[in-house]
Amino acid sequence: MEALEKEGIPRNTDRSTAWGVNAYKAWQKHRNAGVTDPSKLVPDLNSDVSEERLNFWLIRFIMEINRKDGSPYPAYTIKLLCAAIQRHLRTACNRPEISLFESPKFAAFKRIMDSKMKRHNKQGIHLHKKQAQPLTPDHESILWEKGVFNLLTGRGVQNAVYFYTSKIYGLRARDEHYNLRCNQFTLGSDTTGDYVRYYGKVCKNNQGGLQTSGKVQFKNIMQYAQRENPRCYVRLMGRYLRALGFEGWLYRRPMASTFLGELKYSKQRLGIHQFETFMQRMMKEAGIEGYFTGHSGKVNIYVELFISTDIY
């Protein structure tokens, strides 16, 4: 039961909780150094600590916490730290009654956190987050012209598949791409024409649990062929899926071929860390400057939807 319960916690949430708790522990260790009076020791985050003591010490935690290099955290990051501590208390410490942001017992803590966040925002501390750039038709043309995308090599075809799958379906940078399997894509045709249908699975925004199951549908998107377009996604995916045998992981290590135009891939899946720099690597190979990440495809969709609504 414990294993099943832990399995239901998203990996990023688990990491965020550990990050917040570790920040508290590091601050606690520094604060308690040389203190001999037990009443003045910063308490552990456990099932025994009282809400009154938590309120008292979390106020001081908020006022004193900084990055390891001494620079201040952005305002929203301060809130994330406290949210992580609350999750830890509720789950690992079996304290479901803890509500740092709603309970009157933590009113003083909440006021201090609110004031600290406002101060940091007024000071402009990390106020503007660096955003990934959208993908443009000019970028696509350059990637084809430079040979980063091509239909003759395993790497060139895979690069194009990653790029257009990101752009068309708006997949998240790393996890969604890494976990893609061939059976999530089907080739078919209807009265409109040939198409590729993509079936989404569990992702960060749809875990399939109590909060979303039956309410938020998994992606089920059809992309139709453009017969006169030499970069047609349906034709590209058909060539790629046939080379993979329509089964197994979608992204596998390209292998050397015996003749030009033959696509060969091993059974070995690409490592997850390769997806953290997949888009940056392609842009660098093409000599395109800018800040591009795996989220650029999702950003591209948002930009096009914004323009299509004529909101200026």
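**Close-up views of a predicted model**

**View 1. Apart from its neighbours within four places in sequence, Asn55 contacts Lys105, Phe106, Ala107, Ala108 and Phe109.** Contact here means heavy atoms within 4.5 Å. The structure is a predicted model, in which local features need pLDDT of at least 70 and side-chain atom pairs count only at pLDDT 80 or more, whereas totals for chains, interfaces and linings use all residues. Residues are numbered from 1 along each chain as its sequence is written, and side-chain values use heavy atoms, with hydrogens and water left out. Asn55 belongs to helix α3, residues 51-64; helices (H or I, at least four residues) and strands (E, at least two) are DSSP runs numbered from the N terminus.

**View 2. The protein chain comprises eleven helices and five strands.** Of its 312 residues, 40% are buried. Among contacts between residues at least 6 apart in sequence, 63% join residues at least 24 apart.

**View 3. His88 is placed in helix α4, residues 75-91.** The residue is buried, its relative accessible area being 16%. Not counting residues up to four places away in sequence, His88 touches Thr17, Val21, Leu45 and Cys93. Between His88 and Gly20 the C-alpha to C-alpha distance is 8.8 Å, although 68 residues separate them in sequence.

**View 4. Helices α7 (residues 154-169) and α9 (residues 233-244) pack at an angle of about 130 degrees, with their axes 10 Å apart.** That angle makes α7 oblique to α9 (under 35 degrees counts as roughly parallel, over 145 as roughly antiparallel, 65 to 115 as roughly perpendicular and the rest as oblique). Axes are lines fitted to C-alpha atoms, for helices over the stretch in contact, and angles run from 0 to 180 degrees between N-to-C directions. From α7, the residues making the contact are Val157, Gln158, Ala160, Val161, Tyr164, Thr165, Ile168 and Tyr169; from α9, they are Tyr233, Leu236, Met237, Arg239 and Tyr240. By class, this contact has ten nonpolar, two polar and one charged residues (Ala, Val, Leu, Ile, Met, Phe, Trp, Tyr, Cys and Pro count as nonpolar, Asp, Glu, Lys and Arg as charged, and the others, Gly among them, as polar).

**View 5. The largest nonpolar core has 41 residues.** Such a core is a set of buried Ala, Val, Leu, Ile, Met, Phe, Trp, Tyr and Cys residues joined through side-chain atoms within 4.5 Å. Leu143, Phe149, Phe163, Phe185, Leu250, Tyr251 and Met282 have the most contacts inside the core. Two or more residues each come from α6 (137-145), α7, β2 (194-199), α9 and α10 (278-286). Leaving aside neighbours within four places in sequence, Leu143 is in contact with Val148, Phe149, Phe163, Met282, Met283, Ala286 and Ile288. A second, separate core of 29 residues includes Trp27, Tyr73, Ile85 and Met117.

**View 6. Asn94, a residue other than glycine, has a positive phi, near 55 degrees.** Most residues other than glycine have a negative phi. Asn94 is located in the loop between α4 and α5 (107-122), where the residue is exposed at a relative accessible area of 61%.

**View 7. Phe246, also a residue other than glycine, has a positive phi near 60 degrees.** The residue sits in the loop between α9 and β4 (252-254). Its relative accessibility of 42% places Phe246 in the partly exposed class.

Methods
Buried < 20%, exposed > 50% of the residue type's maximum accessible area, 1.4 Å probe, protein only.
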